[in-house]
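Trainee: Before I ask anything, could you put the model up?
Mentor: Here it is.

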Amino acid sequence: MSETNGVSACLAQFTPAERERIVALRRALHAAPELSWQEHGTQRTLRAALEASGITEIQSVAETGLIATIPGGTRGGTTVAIRGDIDALPIHEETGLPFASQHPGVMHACGHDMHAAWTVAAGILLARDPTVGAVKLVLQPAEEVGEGAARILASGALDDVRMIFGGHVDWRFRVGEVVATAGPLAASTDTFTIVFRGRGGHGARPQDAIDPIVGLSAFVMAVQTLVSRRLDPGLPGVVTVGAVEAGRAANVIPEQARATGTIRATTPGARTLLCDGVRTLAISVAATHGLRAEVTVSEGTPPLVNTDAAAGIAQEATRARLGAPALRTLATANMGGEDFAFYTERMEGCFLRIGTWSEGRSDSGVHTPRFDPDEEALFVGASVLAECARRASAASR
Ligand code: NI
C-alpha cells in the first residue's frame, strides 16, 4: 500500500540512535507498567527521557504527571499541546515478549506506553526545529479511571493552551493509517446505581410484602426504551444494566434490590436525555410498584467531540506526513470513553486513532493480555502529532 512510503518518511525524521532510544523508552515503560495514580516510576523514566532529548523545561503536575514546554521560535505564536497518557491496566500480560511486564497483574494493554513514548518523540522533532508558538507535552496520568485530564486542567497548567492533540493506538488499522475526523470520537461514560426499597416478607405471601425484585425487573426492561423510543435514531446511545443484586433465599421477598449500569452517549444533548431518562424512569417505575427508588447518577467522562478547526489541522498534518490515502474513518461510532474529552470541553482539540496493525501480527485488541502493537507506529504517532502542533502553533490567534 502507498502508506508504506509515508511510514518510511516518518521513520526517516529520526536518526537511528533516536529511533533506538524511543523504542527503548517504550519497552522500559512496557516492562514496568503502573496503575492509575501510581505512575511514580513512569514519571521518573519519562522525565529522564525528556532531559536526554534536550527538553529541560519540565514541571510535575497532577501528582504523577509531567508537562514539558518547548519554547516557540517566534513571539506571538499560539501555544498548543500534545497529550500522551501514561497509565496501565490491571491485566496480567501473556504476550511472552522479552520486554513483557515485570509487574504481575499489571500491563500496558491499552498502549499508553506507546502514547507516552510517541509524545516524547514528537518533542524531539519540535525541539530540533522550533514551531512558531510554544508546545506543551502533556504526559497525563490516570486516563483509565477518567480522572487525570480533569486534574491537569484544574492545575491551570494548560490555561494558555489554545489547541490540543492526542492519539490512541488502534489495532483495527494498519501502521500508517490515521483517523482524524471532526465530531464525536468517543462516548460519555456515566454510571448509575438505583436501590429499590420495598418491604420484605414470606415468599408465599406477596400480598403482605412490597417486592423490589419485580419493580427492578420492570425497570431493567423499561430502561431499554430510552434508546429505542426517546433518543434520535440517528444518534448512537447505550444504557447497560451491568449488575443486579437482590435476595438470598427462594422463599423470602427481600427488603431491597439494587441495579447498577453505564450510560453512553456521543453528544452532550443525548447524554443529558439518557441520564435524566434513567433517573425519572427509575422513580416512576418504582412508584408504579409501590417502591421507593434511590437514584445516583455519577458523572464520568463527557463525550469526546473533535472540534472542526483542530480536526482540519490534523487531517492536513496527516496528508502532509503520510499522504491522503492514510486518512481513514471509523466504520461505526466508538462507544468507549476517553478522558481527552475534558480537554475538548475547554479548548479546541482533536484526538486521533493511529493504526498499529501489520502483516503477521496478532489481532488481539486493546485491553487483552496479548495486545502487541507494531512499534513503527511510534514514529507515525510522533510525526503526525508534531506536525499537528507545528501547524496549529502557526495558525493565527
Ligand atoms: Ni487507552
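Trainee: How are the donor residues of the nickel ion spaced in sequence?
Mentor: This is a predicted model, in which local features need pLDDT of at least 70, side-chain atom pairs count only at pLDDT 80 or more, and totals for chains, interfaces and linings use all residues. Residues are numbered from 1 along each chain as its sequence is written, and side-chain values use heavy atoms, with hydrogens and water left out. Donors are N, O and S atoms within 2.8 Å of the metal (3.2 Å for Na, K and Ca), and sites may look incomplete because water is not among the atoms. The nickel ion is coordinated by Cys110 (SG), His112 (NE2) and His168 (NE2), at 2.2 to 2.3 Å, and the spacing reads C-x1-H-x55-H.

Trainee: How many residues apart in sequence are the parts that Cys110 and His168 tie together?
Mentor: Helices (H or I, at least four residues) and strands (E, at least two) are DSSP runs, numbered from the N terminus. Cys110 lies in the loop between strand 3 (80-85) and helix 4 (112-128), while His168 is in strand 5 (residues 163-174), so the pair ties together parts whose separation in sequence is 58 residues.

Trainee: Is Cys110 buried or exposed?
Mentor: Buried means under 20% relative accessible area, exposed over 50%, and partly exposed in between (1.4 Å probe, protein chains only). Cys110 has 7% relative accessibility, so the class is buried.

Trainee: Which domains does the largest pocket lie between?
Mentor: A pocket is an open set of points on a 1 Å grid over the protein atoms alone, where a 1.4 Å probe fits, with protein on both sides within 12 Å along at least five of seven lines; lining residues have an atom within 4 Å of a point. Domain bounds come from an automatic or database domain assignment. Both domains give residues to the lining, so the largest pocket lies between domain 1 (3-185 + 303-395) and domain 2 (190-298).

Trainee: Which strand gives the most to the lining of the largest pocket?
Mentor: The lining has 29 residues, of which Glu143, Gly336, Gly337, Glu338 and His367 lie nearest the centre of the pocket. Among the elements giving two or more residues are strand 8 (190-197) and strand 12 (256-265). The most, 5 residues, comes from strand 5.

Trainee: What is the phi of His367?
Mentor: His367 is found in the loop between strand 16 (348-357) and helix 10 (377-394). At 41% relative accessibility, His367 is partly exposed. His367 is not a glycine, although its phi is positive, at about 70°.
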